[in-house]
Amino acid sequence: MDKITMLIVDDEQYVLSALKRLFHSPKYEVFCAQDPANALELLEKNPHIGVIVCDQKLGENEGTDFFAKTKATHPDISRVLLTGYFNSQIAQNSLLKGEVYRFVTKPWNDDDLMMTVENSWKRYELLNQNRKLLNLIRSQNEHLNHLTLNLKNVIENRIERTVQSQKAIRAKKIQLQITHTLIKRLSRCKNLKEIFKTVLIELKKLIPFDTASIVVQLNPNQYLLLNPKTQVYPFSLKDHSLLQRMFQNPLPTISTEHSSYPSELIFPLMDENRPTPICMATLSLLSHQEHAFSEEDIKRLSDIASPIAIAIEKMKLLEIVEQGSRQWESTFDAISDLATVIDKNFNLIKANRAVEKITHEKVEKVIGKKCYEVLANRKSPCKNCPALESLKTRALTSENEIKDFKDKDYFTWAFPMLDPKKEVNSLVMYYRDHTESSQLFRQLIQSEKMAAIGHLANSLAHELNNPLTGITALSQLLSKELGPHNTWYPDIQEIEKASVRCKNIIENLLNFSEKTKSTKKSSVSLNEIIESTLPLIQYSSTAKQNIRIHKHYAKDLPKIKANTNELQQVFFNLLLNAIQAMPQGGVLEVKTQYLVGKEALQITITDTGVGIPKQNLSKIFDPFYTTKEKTCGTGLGLSVSYGIIKNYEGAIGVQSTLNKGSTFKVTLPLMTTKEKVH
Ligand SMILES: Nc1ncnc2c1ncn2[C@@H]1O[C@H](COP(=O)(O)OP(=O)(O)OP(=O)(O)O)[C@@H](O)[C@H]1O
Ligand SMILES: [Mg+2]
């Protein structure tokens, strides 16, 4: 236990000595003072003094005043007042104010005083401990407060960080959603224009800007600009150094170089998933505001740049493929001959536009149908089709002729396309129409045949003419002389008829050989000649058939220099043939027209009759070729007509469909070469 440290204050030396003696023990440490000033000094020097025992009467000073002072400076010290008399008023005041702890009346009882001092010391110690504890508590409180404050800061920081990270997570989530929608929408885009629109819409959700553009590199020298106004058009980087740099060194850049916008953000679009990403396009965002773009925007763009780049690249490839396919298609369509691609079952996979001329249907409609149905109106592959051979040999064929492809003849080639297993999976078919050349060829043969027959007919007619004249004259004479009642009369009549018929044939032969008749020509009207011929037809035996005649005469048809009889004969033959071809009746159409570019007249005679089988078309102009044996046709009508028209440097052509009818076209030049020279 600590020593009880006390200060005794009394102006009486003997009191001091008595008290010193009383507390002279190792338990006590005693300081003595005779006046308050000395006492205060001791208190100052010995802060561990816990008890003051002071006399109320200190010369001129009062103990209570001294106590009041020490109360202010040393509030915990226990003050014991020694007093000769007890003034209850003073005692109450001092006690209340806490300036005096105990009163001890003089003369004191030593034990009481010692007890009082000990109690006072205990109180002091208690107070002291209390204060220490209080201080401890205070300091601990302070520490606690400090800790609390720290904790509060930590918690606040944590909360702030959580809020921030929640915000970042939310922003990231939004960004992810936008990226997801962007990828989804981009995958549905069909062209660069649509990609650009989609990017604009989705980007607006992420970054504020006023306008934007994308420059796409098609190849190192070819660029396309996509912007909201012009949409898609070829673009040159010549005056755009920033873009040039961007394609060479692709780094996102915030720039103030733009002439109309104070803020620009240029971002390279690269497919980051490639082993070596290259810049395939640049995205420029423009804003009217200064400092509109930040590093944060660059970060946002980094997340969506790759999907945009992938979509653009896909479209670029598509564009290149489409360009190629368009080029192929236009090349394919530019071929005037028929070209098709068929599969091994003869289904049309592709066909060029020339096919439309014979199918009279859009190519798109015939795709998927059998080629032989569409092109040749057949139920099975054409007999000579080179595809049949190619499918077997897997090699390309030499030209094959396919006849009767909707009235036309074609030279045809087949080019097989083999799959990796060397099997034919499709064939390219090429068809060249040679109808015209074969017609020309036929005409050439015809004219040569005609020339030879003409020559023969001429000499034959002259040889036969004289004996026949004799036979006719003699048979007429005989029948006159014998009279109708003679038994020989009918035979003689038969001879006469036969000789007249022979005479007619010879006359026709002479016509055919060009030299017999006078060829006096005058300026004649074709319409008039036809009009004068038609009644002759109507008198013929077939006139009673149910035949309607449609006339389409061209007005103001120029006149032609010709021999009326000759032309009448030609039209008579053609019209008669047409009527004879319609035993059940039908429509006979006669049309005249002026062929502007050719300076020629054309007469078209069409019937709805029996038609001519294809294989017979080459024979009908041959002399004596007839299918009218029963009705005694001579087979000279067309060959004579041919000869006459040939003489005028004209042509006769025929088109016919079996059981549908025939069309004969006679073309006559307004002037022959001879006339032109003169
Ligand atoms: N409009 C037509 N329709 C169908 N067949 C025709 C037609 N014109 C000609 N022919 C065919 O051509 C053949 C030859 O005709 P061409 O006029 O030379 O002789 P023909 O009519 O038989 O006899 P002819 O004219 O001497 O009475 C005919 O027998 C017929 O088979
Ligand atoms: Mg005839």
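These legends accompany close-up views of a predicted model. Local features need pLDDT of at least 70 and side-chain atom pairs count only at pLDDT 80 or more, while totals for chains, interfaces and linings use all residues. Residues are numbered from 1 along each chain as its sequence is written, chains are lettered from A and ligands numbered from 1 in the order in which they are written, and side-chain values use heavy atoms, with hydrogens and water left out.

**View 1. The largest nonpolar core, with 41 residues.** A nonpolar core is a set of buried Ala, Val, Leu, Ile, Met, Phe, Trp, Tyr and Cys residues joined through side-chain atoms within 4.5 Å. Buried means under 20% relative accessible area, exposed over 50%, and partly exposed in between (1.4 Å probe, protein chains only). Leu526, Leu567, Phe571, Leu588, Phe664 and Leu668 touch the most other members. Elements giving two or more residues include α15 (526–538), β22 (586–595) and β25 (661–669); helices (H or I, at least four residues) and strands (E, at least two) are DSSP runs numbered from the N terminus. The largest share, eight residues, comes from α16.

**View 2. Leucine 526 and its contacts.** Look here for Leu557, Ile560, Leu567, Phe571, Leu601, Ile603 and Leu668, which leucine 526 contacts (heavy atoms within 4.5 Å). That list leaves aside neighbours within four places in sequence.

**View 3. Aspartate 10 in the loop between β1 (4–9) and α1 (13–22).** Aspartate 10 is buried, because its relative accessible area is 0%. Beyond residues up to four places away in sequence, this aspartate touches Val15, Leu16, Ala33, Gln34, Asp55, Leu58 and Lys106. A polar atom of the aspartate 10 side chain lies 3.1 Å from the backbone nitrogen of glutamate 12. Cysteine 32 is 22 residues from aspartate 10 in sequence, yet their C-alpha atoms are 8.0 Å apart.

**View 4. Isoleucine 155 on helix α5 (residues 110–188).** With a relative accessible area of 43%, isoleucine 155 counts as partly exposed. Together with Leu151, Ile159 and Val163, Ile155 forms a nonpolar patch on the surface, with about 340 Å² of accessible area in total.

**View 5. Serine 287 in strand β13 (residues 279–287).** Serine 287 is buried, since its relative accessible area is 4%. Its side chain reaches the backbone nitrogen of glutamine 289 at 3.1 Å. Setting aside neighbours within four places in sequence, serine 287 is in contact with Asp210, Tyr261, Pro262, Ser263, Ala292 and Phe293.

Key: Polar contact = N/O pair within 3.5 Å; in protein donor to acceptor, adjacent residues only side chain to side chain. Patch = residues over 30% accessible without salt bridge, like charges linked within 9 Å, V, L, I, M, F, W, Y side chains within 5 Å. Areas by Shrake-Rupley, 256 points an atom, 1.4 Å probe, with all protein chains shown as cover. Salt bridge = Lys/Arg side-chain N within 4 Å of Asp/Glu carboxyl O.
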